[in-house]
Amino acid sequence: MRFSDVMYVDKINGDYSEERQMMDIIIPETDKTELNAALIIHGGGWFAGDKSGHEGDLLRYSNPSHPSGGLITASMNYRMLDNQGADSYEDMLTDITNALLKMKQVAFECDKSIKKVFLTGESAGAHLSLLYTLKNQKTSPIEIAFAASRCGPTVFANYEYYVKSEDVFGLSIGTLIGYLIGDKVEITLENAEDYTDKLAAVSPVSYVNEASPPLILAHGAVDTLVPVINAHKMNEEYTKHGKQQEIKVFIFPNSGHELGRDPDKNEEYYKEINNYIEKYFA
């Protein structure tokens, strides 16, 4: 059963389009009353993108023929930066909480309940998946089993961002990150140290601890937008906390940010998600 353009908040406040707080949800056709779930978060530099770009994964995980037996699966929009409803990343995390609450409600109305959820996304959506999983683990309305990231930023004190300053949507990476932390300023090599605490607060690696959920990371070795060091830094942090058995990193040797040149690695990535579902949804 599919529910499209579901509002996950009761009232819209602000001038941005209300479609920013909508989600699509699929409840698998199954006799089981207790199911696990997946929440998909789109990319787009926290400035652009839409849930419609993840129709493939929405159908993949909700299909009863999937190795999971079918997950209650949702793909969400969220308030974005630059007068699109979000003043910083914190508003986006609030939207994720509300989306998870709505998933529980829709499941209940369909005589289902949700045991655990995994969060996944690409690029900015991957960053939000990781940040929510690691920062909001204890407060999430649904227990988080694991997170899966495709080219997600993990550490913003990485000065490679500000050296290259690649343009996205006509803005430099430093400007995107400045908006993300709530300061409409371009972060540069010259001023980055002034924002050390705020850059740490928005970096998923800052929240790793001995109880952090398992992760799967996919990253392109020649990604010029989000450098591959982001995947390595998260791997190092998990290893430092004795959790090297709970993180799996797939480096796509020929791919950039789109991960389009290593189909064998992509197959391995999705196979590992199935393994994680079997292991951590148990």
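## Second largest pocket

In this predicted model, β3 (34–41) and α8 (263–280) each put at least two residues into the lining of the second largest pocket.

The space in the second largest pocket comes to about 160 Å³. It has 13 lining residues, and the ones closest to the centre are K32, N36, S68, K115 and F281. Sort the lining by class and you get six nonpolar, three polar and four charged residues.

## Largest pocket

Now for the largest pocket, which holds about 360 Å³ of space. Its lining runs to 22 residues, with G44, S123, A124, L225 and H257 sitting closest to the centre.

Helix α5 (residues 173–180) makes the largest contribution to this lining, at three residues.

## Where α2 meets α3

Over at the helices, α2 (residues 89–109) packs against α3 (residues 124–135) at an angle of about 75°, and their axes are 10 Å apart. That angle makes α2 roughly perpendicular to α3.

Which residues in α2 and α3 meet? From α2 come Y89, M92, L93, I96, T97 and L100, while α3 brings L128, L131, Y132 and K135. Taken by class, the contact of α2 with α3 has eight nonpolar residues, plus one polar and one charged.

Key
Residues are numbered from 1 along each chain as its sequence is written. This is a predicted model: local features need pLDDT of at least 70, side-chain atom pairs count only at pLDDT 80 or more; totals for chains, interfaces and linings use all residues. Side-chain values use heavy atoms; hydrogens and water are left out. Axes are lines fitted to C-alpha atoms, for helices over the stretch in contact, and angles run from 0 to 180 degrees between N-to-C directions. Helices (H or I, at least four residues) and strands (E, at least two) are DSSP runs, numbered from the N terminus. Angles under 35 degrees count as roughly parallel, over 145 as roughly antiparallel, 65 to 115 as roughly perpendicular and the rest as oblique. Contact means heavy atoms within 4.5 Å. Ala, Val, Leu, Ile, Met, Phe, Trp, Tyr, Cys and Pro count as nonpolar, Asp, Glu, Lys and Arg as charged, and the others, Gly among them, as polar. On a 1 Å grid over the protein atoms alone, a cavity is a set of points where a 1.4 Å probe fits but cannot get out, and a pocket is an open set with protein on both sides within 12 Å along at least five of seven lines; lining residues have an atom within 4 Å of a point. Grid points are joined across faces, edges and corners, and a volume is the space filled by probe spheres set on the points.
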